[in-house]
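Reader: I've got the sequence and the model open side by side. Can you walk me through what is worth a look?

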Amino acid sequence: MAVTIKSEREIALMREAGRILSITHAEMKKALKPGMSTKDIDRLAEEIIRSYGCIPNFKNYHGYPASVCISINDEVVHGIPSDKRIIQEGDIVSLDCGCIYKGYHSDAARTHAVGEVSKEAKQLIEVTRQSFFEGMKYAKEGYHLVDIARGIQEYVENLGYSVVRDLVGHGIGRSLHEDPQIPNFVSRRRGIRLQAGMTLAVEPMINQGAYPVCWLDDDWTVVTEDGSLSAHYENTVLITKGEPEFLTIGDEIEQN
């Protein structure tokens with residue numbers, strides 16, 4: 001496994017890729033409303049990303065046909081935008097996208113409530129977001145990947161939710177997906193020891209019900225097997241000598 005340590009120049013480029021992506025996410029959140037199609041959101045995101053001279057890194061990646069993965073309610077990840085898929089009042093919508101700036105990638109996801117949603121849906125979104133920050137308590141030089149995974153999993157499961165097992169986070173840099181794989185659950189291996197200069201995309205995917213998932217016939221969209229709601233939260237993270245730096249969080253206050 002070759003995990004790259006980024007130079008100061010590379011980190012600066014990734015910071016800019018992350019800054020542009022944080023703006024894109026803020027604009028998508030602002031635009032999200034009942035009655036619009038998922039394709040409307042995808043068009044908006046692509047327009048913003050390209051306006052900054054960036055490339056949407058999801059588009060045509062392994063054949064994926066859009067710039068944003070848009071997943072609704074029981075869809076976990078990789079929902080394909082469509083003019084026919086209309087967002088409804090009460091939906092929860094996960095938006096996952098990234099961009100390439102001068103050859104370097106960013107990747108982030110947010111789940112949003114559309115209009116009035118159930119108390120249970122709101123709580124799932126909040127628990128998923130907070131689980132990321134619970135994991136980040138261990139995203140420091142000297143810890144191992146399993147420490148991040150344990151932080152996420154224990155927080156989530158203590159509140160009665162489950163962590164998706166079939167999908168994991170990843171390293172990121174010159175490629176969208178680099179080593180290492182980053183599970184959100186504890187496995188037998190400790191994983192690599194974290195070092196300053198590593199850049200990671202950490203992305204808890206949390207289900208209201210059980211953790212098994214399945215793929216739809218489009219070969220992309222992943223849904224909960226039991227039909228329960230799912231939420232997703234992700235940032236591109238720089239490991240430093242001290243606290244981690246979140247490259248895809250802009251001016252908005254995301255952290256408790």
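Author: Let's start with a strand pair: β11 and β12 run antiparallel and are joined by three bridges. Helices (H or I, at least four residues) and strands (E, at least two) are DSSP runs numbered from the N terminus, and two strands pair if DSSP finds at least two bridges between them. This is a predicted model, where local features need pLDDT of at least 70, side-chain atom pairs count only at pLDDT 80 or more, and totals for chains, interfaces and linings use all residues. Residues are numbered from 1 along each chain as its sequence is written, and side-chain values use heavy atoms, with hydrogens and water left out.

Reader: Which residue in β12 is the bridge partner of Cys-214?

Author: Strands of a sheet pair through backbone hydrogen bonds, either parallel or antiparallel. Here β11 and β12 are antiparallel, and the partner of Cys-214 in β12 is Val-223.

Reader: What is the strand order in the open sheet of three strands?

Author: The pairing in this sheet is antiparallel. β3 and β11 are the edge strands, each pairing on one side only. From one strand to the next, the twist averages 40°, with axes taken as lines fitted to C-alpha atoms (for helices over the stretch in contact) and angles running from 0 to 180 degrees between N-to-C directions. The order is β3-β12-β11.

Reader: Are the two faces of strand β9 covered or open?

Author: In a regular strand the side chains alternate between the two faces of the sheet. Buried means under 20% relative accessible area, exposed over 50%, and partly exposed in between (1.4 Å probe, protein chains only). In β9 (residues 199-202), Thr-199 and Ala-201 on one side and Leu-200 and Val-202 on the other are all buried, so both faces are covered.

Reader: And which residue in β14 stands opposite Val-202?

Author: β9 has antiparallel pairing with β7 (residues 169-171) over two bridges, where Gly-171 has Leu-200 as its partner. β9 also pairs with β14 (residues 235-238), antiparallel over four bridges. Opposite Val-202 there is Asn-235.

Reader: How many disulfides are there?

Author: A disulfide is a pair of cysteine sulfur atoms within 2.5 Å. The sulfur of Cys-69 is 8.7 Å from the closest cysteine sulfur, in Cys-97, so that is too far for a bond. Cys-99 is in no disulfide either, with the nearest cysteine sulfur, that of Cys-54, 4.3 Å away. The count is zero.

Reader: What is phi for His-78?

Author: His-78 lies in the loop between β3 (75-77) and β4 (92-101). His-78 is partly exposed, at a relative accessible area of 22%. Its phi is positive, near 65°.

Reader: What is the average pLDDT of the protein?

Author: pLDDT is the predictor's confidence in each residue, from 0 to 100. In this model, 98% of the residues score at least 70. The average is 96.
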